[in-house]
Every structure is written in structure tokens, then in C-alpha cells.
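The sequence and the structure are shown first.

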There are 2 protein chains.
Amino acid sequence: MGRALFDHADFLAAARDLAVEHGPSAVTVASLTERLEAPTGSFYHRFASRDVLLGELWLKTILAYQEGFVAAIDAGDGLAAALHTPRWVRTNLDDACLLLLYSRHDFVQGEWPKALKQGVAEQARRVTRCFERFARDVLGGADAERLRLAQFVLADAPIAAVRPHLQRREPPPPIVDDLIRATYRALVAARRGGRRRLSARPGAARR
Amino acid sequence: MGRALFDHADFLAAARDLAVEHGPSAVTVASLTERLEAPTGSFYHRFASRDVLLGELWLKTILAYQEGFVAAIDAGDGLAAALHTPRWVRTNLDDACLLLLYSRHDFVQGEWPKALKQGVAEQARRVTRCFERFARDVLGGADAERLRLAQFVLADAPIAAVRPHLQRREPPPPIVDDLIRATYRALVAARRGGRRRLSARPGAARR
DNA sequence: ACCGTTCTAGAACAAATATTCTATAAGCAA
DNA sequence: TTGCTTATAGAATATTTGTTCTAGAACGGT
């Protein structure tokens with residue numbers, strides 16, 4: 001074979017860099033090949049289309065992110081799962097910008113390439129299962145409200161705490177962990193075992 | 001004058017609808033004029049460029065959103081400011097999708113049109129002042145950590161609680177207010193007057 | 001040395017896009 | 001009416017986009 005000057009991973013890495021610097025829409029086949037000084041033919045030799053590249057990039061990144069998250073839930077440690085976000089973000093700053101600053105649709109709009117569609121669906125199922133498991137085991141039930149609470153303390157709140165720093169491409173400071181920890185403790189304690197209500201705590205007027 | 005079949009607001013409304021349905025990048029001059037059945041000339045008669053349209057749309061929307069927020073802070077009511085987000089989202093679902101699902105850079109990438117640049121800067125100053133005021137008056141000081149806490153309880157967390165519902169274009173259910181309220185109470189109480197630490201509460205082992 | 005596979009190389013192409021331009025029609029004021 | 005302003009109307013243009021296509025170079029096995 002003719003010597004391979006660029007491989008699959010080179011294109012993915014260049015795409016990630018471009019996306020982090022100028023947003024996913026700036027990842028054009030032209031900007032990509034220009035950055036690598038590769039011909040467009042080399043790109044299409046490896047990727048069926050631009051959508052396939054961006055889809056693969058997104059999927060690979062979110063799977064890496066979810067790994068530690070799922071592990072923590074499986075180990076029954078909700079707080080560790082919540083704190084996984086700032087931890088992972090610190091060690092994977094660029095990947096984190098890619099993933100948490102943009103949505104799936106910023107990478108591939110419309111229908112996803114067939115080969116990836118399955119991966120996306122499986123990915124969605126994985127998180128759902130995590131939330132269900134946490135709601136059942138820690139919150140005392142998997143009804144809609146407890147599922148929503150699980151999603152908030154495990155994912156939404158940690159991501160929100162981290163996001164402003166990602167926008168400046170800086171690693172989240174320790175205070176971020178404190179925010180996540182305090183949120184987790186307050187909201188999980190309020191529901192633990194399904195006894196106490198989340199709001200309307202005794203003596204606190206509801207507004 | 002030749003009768004005006006379309007005006008400024010028509011284009012803004014159509015742009016908003018397109019952005020909500022298919023993302024800001026789907027707001028092209030062609031899709032816009034096609035939806036209104038207007039000629040491109042009519043568009044460029046009112047807007048200097050596509051960037052100006054999208055910039056105006058974003059700015060006008062975020063200013064409307066911030067109005068109630070700023071008012072609540074000025075009234076010294078932090079919890080009301082935190083709860084303003086779900087409230088405003090319910091009464092302005094489309095505007096909320098536009099604003100909270102995308103970032104400023106999804107509307108205008110690169111430099112902003114000169115006329116709008118000033119408005120964007122002023123807008124940024126307004127929120128910063130709100131956070132500072134809240135940190136000073138309620139949290140007992142405007143150091144970096146308290147500012148970060150203010151931003152989290154007043155903006156980041158409420159937006160995070162609301163976002164999953166916006167992605168499905170559904171109004172946020174009451175549980176969302178409970179999440180925001182509980183988060184606010186837990187984090188603000190921990191810092192009120194600057195006495196207690198956010199983490200490492202007495203009797204709680206830090207991890 | 002020869003062949004076939006793999007990859008580089010980049011020109012060529014079609015579709016989409018923002019913008020400009022010229023022409024025309026509708027109202028208003030004199 | 002005659003002019004002036006404002007807005008519609010849409011063809012024309014230049015650029016950028018993703019993708020395809022053809023040609024040839026580099027290597028491995030025989």
C-alpha cells in the first residue's frame with residue numbers, strides 16, 4: 001500500500017481541535033484537510049462523509065465521558081458519579097469543551113448515519129438506566145419526579161457548574177466540586193428513602 | 001411609499017421560528033424569505049446582513065429574559081431571581097428554546113455587527129452587576145468564590161433544571177421549581193453571612 | 001520485475017449561500 | 001399629473017460547501 005501519511009485518528013483529532021476552537025460548524029472538509037495538509041481524497045478514503053466523521057467524534061467522546069460515570073453508579077456511589085464530571089473535565093479539557101458546550105445536533109443535524117444511529121440509541125439507553133438505577137436504589141423509587149431529580153443531581157447540575165469555565169477553556173476550580181457536592185447532599189438527603197418532601201420543609205414557608 | 005407587506009418584526013418572528021425548529025444555522029436568507037414568501041430584496045432593505053438579523057434576535061430575546069431577573073435582584077429577592085427562569089420559560093417557550101438551548105456564538109460567529117456589539121457588552125455588564133450585588137448583599141462578600149456561587153444558584157442551576165424540558169419543547173413541570181428552590185436554599189444558607197463553609201459541614205466527612 | 005492494493009493528490013462538479021443589482025410598483029406630496 | 005420615496009421582485013454573482021472522479025505514487029507479495 002502507498003504509505004499512509006494520515007490515519008483515522010489524525011482526522012478525528014484535527015476535527016476535535018477545530019470544533020473546540022471555532023465550533024462544530026467550522027469543521028469543514030476544506031478546513032480539515034487544510035490543517036492536516038492532506039488532500040480531500042485522503043479524507044474520503046477513510047470517512048464516507050463529513051457527517052460520519054462528526055458523528056464518530058461525538059459518539060467516541062461521549063462514551064469516554066460516560067465510562068467513569070456508569071462505573072460509579074454501578075458501584076452504588078451517587079456522589080462519585082456527580083463528581084465525575086469535574087474530574088473528567090479537568091483531565092480531558094478539549095474533549096469536555098466539545099461535549100458539554102455543544103449538543104449532539106450541532107455535530108450532525110437531521111438523520112444520523114446508519115452505522116452510528118445504533119450507537120447513539122445505545123448510549124441514550126445507558127444513561128437512562130443509570131438514572132433509573134440511582135432513583136430506585138438511592139431515592140426509593142423510579143417515578144417521574146425521582147428520575148428527574150436523579151438526572152439533575154447526577155448530570156444537569158454538575159454540567160452546569162462546569163460549563164462557565166469550559167466557555168473560557170479553563171479547568172474548573174475546586175469551588176465547582178463544592179457546588180456539586182452541596183447540591184447533591186441537599187437534594188438527595190431531602191428524598192432519601194422517599195420520606196421527606198423536596199420542598200416545603202418543616203418550618204419553611206413555600207413560595 | 002410602496003405598501004409594506006413585511007416589516008422588521010415579521011422577519012424576526014420568522015427567524016425565531018426557524019431557529020427553534022431547526023437550529024440557528026437553519027436561518028438562511030433563503031429559508032427566511034421562502035417562509036414569508038418575501039423577496040430577498042425586502043430582507044436586505046431592512047437588515048444590513050444576516051448577522052445583523054440574528055444578532056438583533058438574540059439580543060432582544062436575552063434582554064427580555066433578563067428583565068425580570070434584574071428586577072428581582074434589585075428588589076433583594078434572590079430566590080425570586082432563581083425562580084424567574086422557569087417562570088419566564090413557561091410563558092415564553094419559543095424564546096426560551098432560542099436562548100437557553102443555544103449560545104450566542106450559534107447566532108453570530110466571529111465579530112458581531114458594530115451596532116450590536118455595544119448592546120452585547122452592556123448586557124454582559126448587567127448580569128455581572130447582578131451577581132456582584134447578590135454576592136455582596138446576601139452572601140457577605142464579592143470575592144471570586146462567592147461570585148461563582150451566586151452565578152450557580154441564580155443562573156446556572158435554574159437553566160440546567162429547565163434545559164432538558166426545552167429540548168423536548170415542553171414547559172418545565174413543577175418539580176423543576178422544587179429543584180431550583182432546594183438548591184438555592186441549601187447553597188445560600190451554607191454561605192449566608194459568610195460564616196459556614198459550603199462543604200465540610202460539621203459531622204459530614206469530606207470526600 | 002510485475003501485479004494488485006492502498007493511499008495520496010487535487011481538479012472538477014453540483015448545490016447552497018450571502019449579497020448585490022437593476023427594474024418596477026405603490027403610495028404621498030406638490 | 002409629476003416627481004420622490006419606499007418597498008417589492010427576483011435575476012445575477014461570487015464564494016463556500018460536500019462530494020466525486022481520475023491519475024498516479026508507494027508498498028507488499030510473488
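In chain A, 65% of the contacts with a separation of 6 or more are made by residues 24 or more positions apart, where two residues are in contact if their C-beta atoms, placed from the backbone, lie within 7 Å. The model is predicted: local features need pLDDT of at least 70, side-chain atom pairs count only at pLDDT 80 or more, and totals for chains, interfaces and linings use all residues. Residues are numbered from 1 along each chain as its sequence is written, while chains are lettered from A and ligands numbered from 1 in the order in which they are written.

## Overall fold of chain A

Chain A contains 10 helices and zero strands; helices (H or I, at least four residues) and strands (E, at least two) are DSSP runs, numbered from the N terminus. Along the sequence the pattern reads α-α-α-α-α-α-α-α-α-α. Taken along the principal axes, the C-alpha atoms of chain A fill a box of roughly 75 × 35 × 30 Å. Of its 207 residues, 39% count as buried. A residue is buried if 20 or more other C-beta atoms lie within 10 Å of its own, exposed if 12 or fewer, and partly exposed in between, with C-beta atoms placed from the backbone.

## Helix packing

In chain B, the axes of helix α1 (residues 8-22) and helix α2 (residues 29-36) come within 10 Å and cross at roughly 115°. Axes are lines fitted to C-alpha atoms, for helices over the stretch in contact, and angles run from 0 to 180 degrees between N-to-C directions. That angle makes α1(B) roughly perpendicular to α2(B), a term for 65 to 115 degrees; angles under 35 degrees count as roughly parallel, over 145 as roughly antiparallel and the rest as oblique. The crossing of α1(B) and α2(B) is right-handed. A crossing is right-handed if the near helix is turned clockwise from the far one by less than a right angle, and left-handed if anticlockwise. On the α1(B) side the contact is made by Asp10(B), Phe11(B), Ala14(B), Ala15(B) and Leu18(B), and on the α2(B) side by Ser31(B), Leu32(B), Arg35(B) and Leu36(B). By class, this contact of α1(B) with α2(B) has six nonpolar, one polar and two charged residues. Ala, Val, Leu, Ile, Met, Phe, Trp, Tyr, Cys and Pro count as nonpolar, Asp, Glu, Lys and Arg as charged, and the others, Gly among them, as polar.

In chain A, α6(A) and helix α9 (residues 144-167) pack at an angle of about 115°, with their axes 10 Å apart. The crossing of α6(A) and α9(A) is left-handed. Ala96(A), Cys97(A), Leu100(A) and Leu101(A) of α6(A) meet Ile159(A), Val162(A), Arg163(A), Leu166(A) and Gln167(A) of α9(A). Seven nonpolar, one polar and one charged residues form this contact of α6(A) with α9(A).

Leu100(A) belongs to helix α6 (residues 93-101) of chain A and counts as buried, with 21 C-beta neighbours inside 10 Å. Not counting residues up to four places away in sequence, Leu100(A) touches Ile159(A), Val162(A), Arg163(A) and Leu166(A).

## Selected residues

Glu37(A) has a positive phi of about 55° although it is not a glycine. Glu37(A) lies in the loop between α2 (29-36) and α3 (40-46) of chain A. Arg169(B) likewise has a positive phi of about 55° without being a glycine, and is found in the loop between α9 and α10 of chain B. Arg50(B), in contrast, has its place in helix α4 (residues 50-74) of chain B. Arg50(B) and Thr28(B) are 22 residues apart in sequence and 7.6 Å apart in space, C-alpha to C-alpha.

| Residue | C-beta neighbours within 10 Å | Class |
|---|---|---|
| Glu37(A) | 8 C-beta neighbours | exposed |
| Arg50(B) | 16 C-beta neighbours | partly exposed |

The contact between the chains takes 29 residues from chain B and 29 residues from chain A. On the side of chain B that touches chain A, the elements giving two or more residues are α9 (144-167) and α10 (174-191) of chain B. The most comes from α9(B), with 12 residues. That side of chain B divides into 15 nonpolar, seven polar and seven charged residues.

Chain B can be laid on chain A with an RMSD of 0.1 Å by a turn of 180° and a shift of 0.0 Å along the axis. The two copies are thus related as by a two-fold rotation axis. Copies are superposed by least squares on the C-alpha atoms of residues with pLDDT of at least 70 in both. Since 100% of the interface residues of chain B are also interface residues in chain A, the copies meet through the same surface.
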